[in-house]
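Dear colleague,

Please find below the structure that I am passing on to you. My findings follow it.

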Amino acid sequence: RIHVVLTMWCGLILLASQPLVQAFSVDHQQPRWFPQGATCPNRAFSSVQSRIRMSADATSEKDQDQETLPDVTSMRVKEIQAELKDRNVSYADCFDKESLAKRLHEARENPAVTSSTKQKSEEDDNADSVSSSEKASKAEAAAPTSSNETKKKDFDRDGKLSDLRAMRVRELREECAKRNIRWAQFVEKEDLIQALIVAIENSADFSVSGAMEPGKVTELTGEQLEQELSQPSEAPLLLDIFATWCGPCQMMAPQLEAAASELGDRVRVGKIDSDKHAAMAQKLKAKGLPTVLVLNGSEELNRIEGALMKDQILQFVEPYI
């Protein structure tokens, strides 16, 4: 009897649970008991699962692409430049391996952004150059040529590049040192050349020889000094004739640098070694050391002998600015 009763109860339980099993089936079809027009949770869950799979597949494909690329830190300069060239990414403003590696890393992370940014910057540069040339041509046609405009000369970039490429690496490094350019990180000769041409071009409007920079004291050679004196300029030349063995000269050196920093682009500040360039010192009639001159072109405006402090230097040159 007990067996018969248990069998009957099991049959009743199976009959009662059959609708629930059909309702909660994992089939993707809409259950008959679900309200009309509502979204089935099974379908929503399936859609989320498919999106997750697609995202994971895309991420895995991107990771595989990254794995196939070599590590930037282990690449050589030429390899980095070749990959940047293949990606149509400009590296003209990168003068060392660190900046090249950073540019390549950015190009790998955001290739579309890098290319669009580069295209936009090139378009802006072209637009600026066209507008500036149009303005210059209009100004030249409208206004008469002044004496200052006739004295200005165009910067011969190609000629200067050929001169730099004719120099040896050692000479290029010495030229970088004179301009306070850190050359230790430059690997290729062309990197030294590009760094120098940028510095020379930036100072071309300020200095006739292209060797002097605003706010800095430049040690000039005899040839460079002759170029600076070859024509008048809006910024007069403050020249210190010194010697390495001269104590007052060494004492005045930091004062001259501080004065140059304050004068900025209003005055060209330079110095020349009387021992290395004795002919030029004799031409300028330097009888005592240090001798400080204010020159504009070939005209001597003022001179003084003896060491000066910063305020004295500023007071000495102020009437000619």
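Of the 321 residues in the protein chain, 30% are buried (under 20% relative accessible area with a 1.4 Å probe, protein chains only). This is a predicted model, in which local features need pLDDT of at least 70 and side-chain atom pairs count only at pLDDT 80 or more, while totals for chains, interfaces and linings use all residues. Residues are numbered from 1 along each chain as its sequence is written, and side-chain values use heavy atoms, without hydrogens and water.

The protein chain has 13 helices and five strands (DSSP runs numbered from the N terminus: H or I of at least four residues for helices, E of at least two for strands). Among its contacts (heavy atoms within 4.5 Å) with a separation of 6 or more, 60% join residues 24 or more positions apart.

In helix 7 (residues 157-165), the residues Gly159, Leu161 and Leu164 are buried. The buried residues of helix 7 pack against helix 8 (169-178) and helix 9 (189-202).

The axes of helix 11 (residues 247-263) and helix 13 (residues 310-317) come within 8 Å and cross at roughly 50° (axes are lines fitted to C-alpha atoms over the stretch in contact, and angles run from 0 to 180 degrees between N-to-C directions). Helix 11 contributes Met252, Gln255, Leu256, Ala258, Ala259, Glu262 and Leu263, which meet Lys310, Ile313, Leu314 and Val317 of helix 13.

Yours sincerely

Methods: Buried < 20%, exposed > 50% of the residue type's maximum accessible area, 1.4 Å probe, protein only.
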